[in-house]
Amino acid sequence: MNVHEYQAKQLMKEFDINVLEGAIAKTSAEAVDVAKKLGGNVWVVKAQIHAGGRGKGGGVKLAKSLDEVEKYAKEIIGMTLVTHQTGPEGKKVNQVLIESGCDIEHEYYAGIVLDRAKGRITFMASAEGGVNIEEVAEKTPEKIIKVSIDPSVGFTPFIGRKLGYGIGLEGETLKKATKFFNSLYQLYVSKDCSVAEINPLVTTKTGDVIALDAKLNFDENALFRHPDIEAMRDPTEESPSELEASKYGLSYISLDGNIGCLVNGAGLAMGTMDIIKLHGGEPANFLDVGGGATKETVEKAFSLILEDEKVKAILVNIFGGIMKCDIIAEGIIAAAKSLELKVPLIVRLEGTNVGLGKKILSESGLAITAANDLGDAAIKAVSAAKGEA
């Protein structure tokens with residue numbers, strides 16, 4: 001789950017992480033009111049969407065007067081902001097963050113992720129902040145300092161100093177950065193984050209260390225422990241289909257292809273998408289119905305797939321373990337009838353009660369194409385999506 005920058009900074013304040021003073025505004029008039037309350041003569045107007053690269057897309061403006069605050073807020077609120085992370089369709093901006101300006105000395109990058117290869121939380125820092133860190137990682141990876149944290153020990157001052165020295169900090173600024181890194185780590189662990197990223201992290205001419213930007217992602221499986229974070233969810237930033245799927249315990253992600261996939265198990269779903277591409281097709285979605293799907297959830301899964309007008313064929317790939325193939329077969333038939341299915345349907349069943357499941361499908365009287373194995377299913381689905389017999 002993602003949150004907006006202003007929400008991430010609210011959480012950072014709870015852990016004594018330095019951020020600039022600011023507040024949210026949904027109209028240009030509110031933006032001016034916020035700027036007046038903040039005082040000063042320089043403010044930053046920042047679009048609030050769940051994507052990076054906002055500055056390059058015109059979503060971050062430096063205002064040197066209240067008139068400019070009003071002008072920029074009016075331009076940004078309601079715009080469709082296109083960045084390298086939104087895709088060409090962009091995202092509509094519904095609100096802006098108005099922040100006080102600051103006297104920047106240098107821009108850095110700081111981030112925490114879970115390194116799955118090492119099985120450890122890994123801290124990253126770079127003196128190349130304020131730019132596309134992905135580009136730095138690709139072209140000059142040596143400029144990114146990485147430190148893995150032993151879970152039995154946790155964060156230590158040594159780690160903070162190693163990161164700070166690595167990006168060229170010293171003296172009092174190094175001490176403040178070490179404290180900053182420790183606080184960010186505590187936030188990451190305490191709130192079950194999956195990503196914590198600050199780009200840029202800045203030092204000021206007065207020696208302060210401040211998170212000028214903030215990105216926090218959270219492990220959705222741990223949200224039951226954090227109702228305060230769950231309450232920060234912004235449904236306007238998420239796919240309506242994905243939100244609807246979550247209500248039924250379905251994992252659904254829309255993609256760009258034309259072959260709808262209904263699979264049980266995330267690994268099997270990934271394998272199904274891979275083999276579709278191997279045979280020249282493109283999956284229209286990732287959809288994992290899980291191990292405990294019922295007839296009703298299968299029917300809902302079909303309706304989600306069919307909401308996508310690009311779908312020209314549907315491939316069902318089920319390996320019955322906890323989930324029995326006959327239950328899936330009944331759900332497929334119910335969905336095909338209630339939704340008046342008009343696209344080709346290819347089904348591959350294996351596992352518990354597979355014989356009964358296949359019998360139910362074959363006796364349904366519906367135009368369902370049976371597949372012998374996954375490769376056969378993919379070939380038939382790709383052909384059907386192309387309109388071939």
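Colleague: I'm new to this one. How many disulfides does the count come to?

Modeller: Keep in mind that this is a predicted model. A disulfide needs a pair of cysteine sulfur atoms within 2.5 Å. For Cys 261, the nearest cysteine sulfur is that of Cys 325, 18 Å away, and Cys 325 is in no disulfide either. By this rule, the count comes to 0.

Colleague: And is Cys 261 buried or exposed?

Modeller: Buried means under 20% relative accessible area. Cys 261 has a relative accessibility of 2%, so Cys 261 counts as buried.

Colleague: What about Cys 325, buried or exposed?

Modeller: The cut-off for buried is again under 20%. Cys 325 comes in at 0% relative accessibility, so the label for Cys 325 is buried.

Colleague: Let's move on to His 50. Where is its place, and is His 50 buried or exposed?

Modeller: Look at the loop between β2 (43-47) and β3 (60-63), and you'll find His 50 there. Its relative accessibility is 14%, so His 50 counts as buried.

Colleague: Which residues does His 50 touch, leaving out those up to four places away in sequence?

Modeller: Contact here means heavy atoms within 4.5 Å. With those sequence neighbours left out, His 50 touches Asn 2, Val 3, His 4, Lys 91, Asp 234 and Glu 237.

Colleague: Now helix α1, residues 5-14: how many of its 10 residues are buried?

Modeller: This helix is mostly covered. Its buried residues are Glu 5, Tyr 6, Gln 7, Ala 8, Lys 9, Leu 11 and Met 12. Out of 10 residues in α1, the number buried is 7.

Key: Residues are numbered from 1 along each chain as its sequence is written. This is a predicted model: local features need pLDDT of at least 70, side-chain atom pairs count only at pLDDT 80 or more; totals for chains, interfaces and linings use all residues. Side-chain values use heavy atoms; hydrogens and water are left out. Helices (H or I, at least four residues) and strands (E, at least two) are DSSP runs, numbered from the N terminus. Buried means under 20% relative accessible area, exposed over 50%, partly exposed in between (1.4 Å probe, protein chains only).
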